[in-house]
Amino acid sequence: MTIESKLSYLTGFPSAHQKTERKEGLKKENQKRVLASEKNQLLSPGLLWPSNVPVLGLKYILFSEKRDQVLRITASNEEQLALVRSLQEQEHLNTLLDEEKKEMILSRHKERSSQTFNYASYHTLEEIYTWMDTFVASSSGLVNKLQIGTTSENRPIFVLRVGINWELGYLHVDQPSNFQTFSAGGINRPAIWINFGIHAREWISPATSLWFANKLINEYGKDTSVTSLLNTMDVYLEIVTNPDGFSFTHTNNRMWRKTRSRHAGTSCVGVDPNRNFDANFGGPGASGNPCSSTYYGPYVNSEKEVKAIVDFVKNHGNFKVFIDVHSYSQLLMFPYGYTATKPKDYDELMEISKKSVTSLASIHGTKYRYGPILTTIYQSSGSSIDWAYDQGIKYAFCFELRDTGRYGFILPANQIIPTAEETYMGLMEILNHARQNPY
Ligand code: ZN
């Protein structure tokens with residue numbers, strides 16, 4: 001079996017190493033040329049050999065320099081070939097990550113010189129939090145920012161409330177008493193909950209939420225359905241639901257999914273927040289292994305990010321819609337994930353889903369599948385929308401945005417606006433239905 005010679009920089013996730021490596025690029029190019037002349041070998045200058053990858057009896061040679069290594073592998077059986085392939089995938093990922101980083105830097109420069117926020121780019125948590133304040137300030141009272149909790153690493157968790165007719169006037173996040181007044185039942189308009197980015201690496205989700213929030217504001221007073229919606233219901237947008245995890249994807253590991261909490265009895269960090277809700281907690285489709293990416297956590301609502309949502313939604317008491325936005329797979333789902341039993345509103349939820357994905361596809365032709373979580377993607381216990389539905393929130397949905405795997409979590413920034421445009425159409429079908437069918 002022949003394996004093509006493969007050359008790459010495999011540096012793991014973006015790190016301080018990269019700068020040094022670019023400087024040393026020329027030196028490495030020469031090195032690669034020498035090594036490339038040898039057949040049937042994978043050559044990976046700069047590879048940081050992951051300690052958890054079995055070497056599988058591969059013939060390999062490590063050339064150690066000061067901070068990086070050159071690895072040369074000769075694969076001679078199927079198992080080794082599989083390893084070589086996974087290394088190539090890693091290389092593909094690194095190329096995407098490099099492009100993503102470059103795009104963000106470029107966009108940041110443009111934003112600084114033009115003083116305008118670029119919705120077509122990905123942003124850090126700090127940039128998004130800054131945007132929130134600017135956005136609220138420019139919304140003519142149509143948007144408020146509320147702090148609903150604090151993360152395990154002490155970051156504030158914010159929700160934007162979009163809607164007209166504030167009985168309480170302007171609420172300031174730095175005054176918890178306002179939140180208490182509010183949650184004591186002062187305002188009780190029927191409301192819509194949409195959270196984004198509960199899984200840290202799903203960047204397209206928060207990016208879509210920023211555009212969505214802006215779109216609602218721009219369409220208010222112009223588009224009749226948006227105007228009616230905001231006149232009668234409050235829309236709560238949790239822009240970054242997992243701030244610690246999101247921040248970690250920018251600084252350490254782009255593929256991080258969970259929270260960043262630490263719990264007794266394990267050195268592994270984080271819990272899957274979308275397995276931590278009180279919906280058949282700890283059941284099938286969630287892991288009890290603290291090191292797993294679908295770890296359900298030590299107990300129900302152990303995650304402060306989850307507890308914040310649960311408390312807020314319960315205290316409010318009048319949510320009619322609960323939507324959790326993820327990526328990727330292009331799916332629109334509703335309960336249940338933990339059981340094959342159909343929800344009692346199955347027919348209506350199917351009908352709304354069909355309308356939603358049809359409307360979504362009308363913009364860019366993006367095709368979605370839809371149905372209950374369990375039959376559409378996989379069984380999962382402890383998920384947010386199953387919990388919401390069992391709380392009596394009938395219109396409970398979960399989106400998996402673009403794409404279907406070509407880029408996966410590293411969806412290029414030039415797809416942010418198209419994704420947001422079509423998702424807006426899909427969301428509005430659900431929200432309009434909820435407005436027109438009060439219960
Ligand atoms: Zn997700």
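Helix α6 meets helix α13 through Ile204, Ala207, Thr208, Trp211, Phe212 and Lys215 on the α6 side, with Ile416, Ile417, Thr419, Ala420, Thr423, Tyr424 and Leu427 on the α13 side (contact means C-beta atoms, placed from the backbone, within 7 Å). Sorted by class, this contact has nine nonpolar, three polar and one charged residues. Keep in mind that the model is predicted: local features need pLDDT of at least 70, side-chain atom pairs count only at pLDDT 80 or more, and totals for chains, interfaces and linings use all residues. Numbering starts from 1 along each chain as its sequence is written.

**α6 against α13**
- The axes of α6 (residues 204-219) and α13 (residues 416-436) come within 9 Å and cross at roughly 65° (axes are fitted to C-alpha atoms over the stretch in contact, with angles from 0 to 180 degrees between N-to-C directions).
- This crossing is right-handed.

**α7 against α13**
- α7 (residues 224-232) packs on α13 at about 55°, the axes being 10 Å apart.
- That angle makes α7 oblique to α13 (under 35 degrees is roughly parallel, over 145 roughly antiparallel, 65 to 115 roughly perpendicular, and the rest oblique).
- Ser225, Ser228, Leu229 and Thr232 of α7 make the contact with Met428, Leu431, Asn432 and Arg435 of α13.

**The core**
- The largest nonpolar core has 85 residues, and Ile192, Trp193, Val321 and Phe397 have the most contacts inside it.
- α13 gives the most to this core, with eight residues.
- Leaving out residues up to four places away in sequence, Trp193 touches Tyr236, Val313, Phe319, Val321, Phe322 and Ile323.

How values were computed: Helix = DSSP H or I, 4+ residues; strand = E, 2+ residues; numbered from the N terminus. Left-handed = near helix turned anticlockwise from the far one by under 90°. Contact = placed C-beta atoms within 7 Å. Nonpolar A, V, L, I, M, F, W, Y, C, P; charged D, E, K, R; others polar. Core = buried A, V, L, I, M, F, W, Y, C linked by C-beta atoms within 7 Å. Buried ≥ 20, exposed ≤ 12 C-beta atoms within 10 Å, placed from the backbone.
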